[in-house]
Amino acid sequence: VQLQAFGGGLVQAGGFLRLSCAASGSIFRINNMNWYRQAPGKQRELVASITSGGNTNYADSVKGRFTISRDDAKSTLYLQMNSLTPKDTAVYYCNADVIVRDSLRQFRYWGQGTQVTVSS
């Protein structure tokens with residue numbers, strides 16, 4: 001199983017970006033999916049989560065600005081980021097709890113990260 005994140009880039013403050021994270025491989029089902037971010041010199045933090053049932057959770061710092069969603073038919077996770085500020089500058093990582101087809105066991109997989117830079 002592989003997760004590939006893309007959609008990052010350079011944007012001005014107040015702008016928006018949409019991140020995507022596509023899962024591929026021997027997938028039976030995907031349970032929870034999450035977006036994390038890590039700013040320079042800081043620990044990785046959870047930004048948003050979505051369950052297989054569509055329940056969502058957000059860090060206080062992004063509530064009202066970011067929206068997490070998923071398309072299970074495409075095995076893809078999204079993060080719509082609006083009203084971006086320089087504080088949102090970080091490498092954004094996705095992960096997913098995947099039940100693999102061969103063993104029906106669950107494993108957590110991470111994407112490679114995509115850089116988001118917000119200029120003031």
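**Exercise 1. Determine whether Tyr36 is buried or exposed, and characterise its aromatic pairing.**

Step 1. Tyr36 has a relative accessible area of 17% and is therefore buried; buried means under 20% relative accessible area, exposed over 50%, and partly exposed in between, with a 1.4 Å probe and protein chains only. The model is predicted: local features need pLDDT of at least 70, side-chain atom pairs count only at pLDDT 80 or more, and totals for chains, interfaces and linings use all residues. Residues are numbered from 1 along each chain as its sequence is written, and side-chain values use heavy atoms, without hydrogens and water.

Step 2. The structure holds two aromatic pairs. Rings of Phe, Tyr and Trp (its six-membered ring) pair if their centres lie within 6.5 Å; planes under 30 degrees apart are stacked, over 60 edge-to-face, and the rest tilted. The ring centres of Tyr36 and Trp110 are 5.0 Å apart and the planes stand at 50°, so this pair is tilted.

Step 3. Tyr36 belongs to strand β4 (residues 27–38) and Trp110 to strand β10 (residues 106–110), so the pair ties together parts 74 residues apart in sequence. Strands (E, at least two residues) are DSSP runs, numbered from the N terminus.

Step 4. Trp110 is partly exposed, at 36% relative accessible area.

**Exercise 2. Identify the rings over which Arg44 lies.**

Step 1. A charge sits over a ring if NZ of Lys or CZ of Arg is within 6 Å of the ring centre and within 35 degrees of the ring normal.

Step 2. Arg44 lies over the face of Tyr93, 3.8 Å from the ring centre. The charged end of Arg44 also sits over the ring of Trp110, at 4.8 Å from its centre.

**Exercise 3. Describe the surroundings of β9 and its strand partners.**

Step 1. Of the 11 residues of β9, 10 are buried, so the strand is largely enclosed by the rest of the structure.

Step 2. Two strands pair if DSSP finds at least two bridges between them. β4 and β9 run antiparallel and are joined by nine bridges; Trp35 stands opposite Cys94 in β9.

Step 3. Three bridges join β9 to β11 in an antiparallel arrangement, with Ala90 opposite Val116 in β11.

Step 4. β9 and β10 pair in the antiparallel sense over five bridges, and Ile99 has Gln106 in β10 as its bridge partner.

Step 5. β9 and β10 form a hairpin with five residues between them, and Leu104 in the turn has a positive phi of about 60°. Most residues other than glycine have a negative phi.

Technical notes: Helices (H or I, at least four residues) and strands (E, at least two) are DSSP runs, numbered from the N terminus.
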